[in-house]
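Please walk me through this protein model. Start with the overall layout, then turn to helix packing and ring pairs.

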Amino acid sequence: IRLLGGFEVTVADRTVAADAWRIRKAKTLVKLLALARGHRLHREALVAVLWPDRDAASATNNLHQALYVARRALTGSSGALCCLRDDVVLLSDGPTPWLDTEAFEAACQRAHQTRNPEDYRVAAELYRGDLLPEDRFEDWSDGPRESLRERHLGLLAEYADVLSDRGEHTQAVDIASAVAAADSYHEGAHRTLMTALAASGRRY
């Protein structure tokens, strides 16, 4: 499941077609579960986000329909996905599907530990763009999107710092400049940029 740069689901080497979701709330349901802690949410929490204006009976009916459509769209995946267990909806009743957000976070942590330029490059490539840009006006997506964006900029700033320490100043300048352009208040990026410029003889 890819969430960075846009929602995309691949099942058994097959990309789930847009029309397979039939109803938009089924797709949103999967997104919410993918972003939730433990990839699970109480039924009432989902209903409050997806159908805040519906009465309990109508909202419950809509939830069951959305779960059915989501499971149909994800047919062919291993394990049971989008399951309802004791009023809790699970993204998976077995192993958690691969998520690019989790792969990105793990790659960032690995790069921070090793300070290996190749690890930074791998982590940076996992960030295809901001989280779920198609949902940028949805309140539930704001917090995770900003958190991942800051994580990405922090990764790049650290990458530039590592390159500068290794004497690769030209590449360090390019990366630090990109971070400074994206966030003009990022002190780490500005500091690395000035250091790399000075070290490369561009003191002005």
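The paragraphs below go from the whole chain to individual contacts.

This is a predicted model, in which local features need pLDDT of at least 70, side-chain atom pairs count only at pLDDT 80 or more, and totals for chains, interfaces and linings use all residues. Residues are numbered from 1 along each chain as its sequence is written, and side-chain values use heavy atoms, with hydrogens and water left out.

The protein has eight helices and five strands. Here helices (H or I, at least four residues) and strands (E, at least two) are DSSP runs, numbered from the N terminus. Their order from the N terminus is β-β-α-β-α-α-β-β-α-α-α-α-α. Along the principal axes, the C-alpha atoms fill a box of roughly 70 × 35 × 30 Å. Of the 204 residues, 42% are buried. Buried means under 20% relative accessible area, exposed over 50%, and partly exposed in between (1.4 Å probe, protein chains only). Contact means heavy atoms within 4.5 Å. Among contacts between residues at least 6 apart in sequence, 59% join residues at least 24 apart.

Now take helix α6 (residues 139-165) and helix α7 (residues 169-182). Their axes come within 8 Å and cross at roughly 155 degrees. That makes α6 roughly antiparallel to α7. Axes are lines fitted to C-alpha atoms, for helices over the stretch in contact, with angles from 0 to 180 degrees between N-to-C directions. Angles under 35 degrees count as roughly parallel, over 145 as roughly antiparallel, 65 to 115 as roughly perpendicular and the rest as oblique. Residues of α6 in this contact include Leu-153, Leu-156 and Tyr-159; those of α7 include Ile-175 and Val-179. By class, the contact has 11 nonpolar, three polar and one charged residues. Nonpolar covers Ala, Val, Leu, Ile, Met, Phe, Trp, Tyr, Cys and Pro; charged covers Asp, Glu, Lys and Arg; the others, Gly among them, are polar.

Next come the rings. Rings of Phe, Tyr and Trp (its six-membered ring) pair if their centres lie within 6.5 Å; planes under 30 degrees apart count as stacked, over 60 as edge-to-face and the rest as tilted. The count is three aromatic pairs. Phe-104 and Tyr-127 form a tilted one, 5.4 Å centre to centre with 50 degrees between the planes. Phe-104 lies in helix α4 (residues 100-114) and Tyr-127 in the loop between α5 (117-126) and α6, so the pair ties together parts 23 residues apart in sequence. Phe-104 is buried, at 0% relative accessible area. Tyr-127 also counts as buried, at 10%.

Tyr-120 and Tyr-159 have ring centres 5.5 Å apart and planes at 5 degrees, so this pair is stacked. The pair links helix α5 to helix α6, across 39 residues. Tyr-120 and Tyr-159 are both buried.
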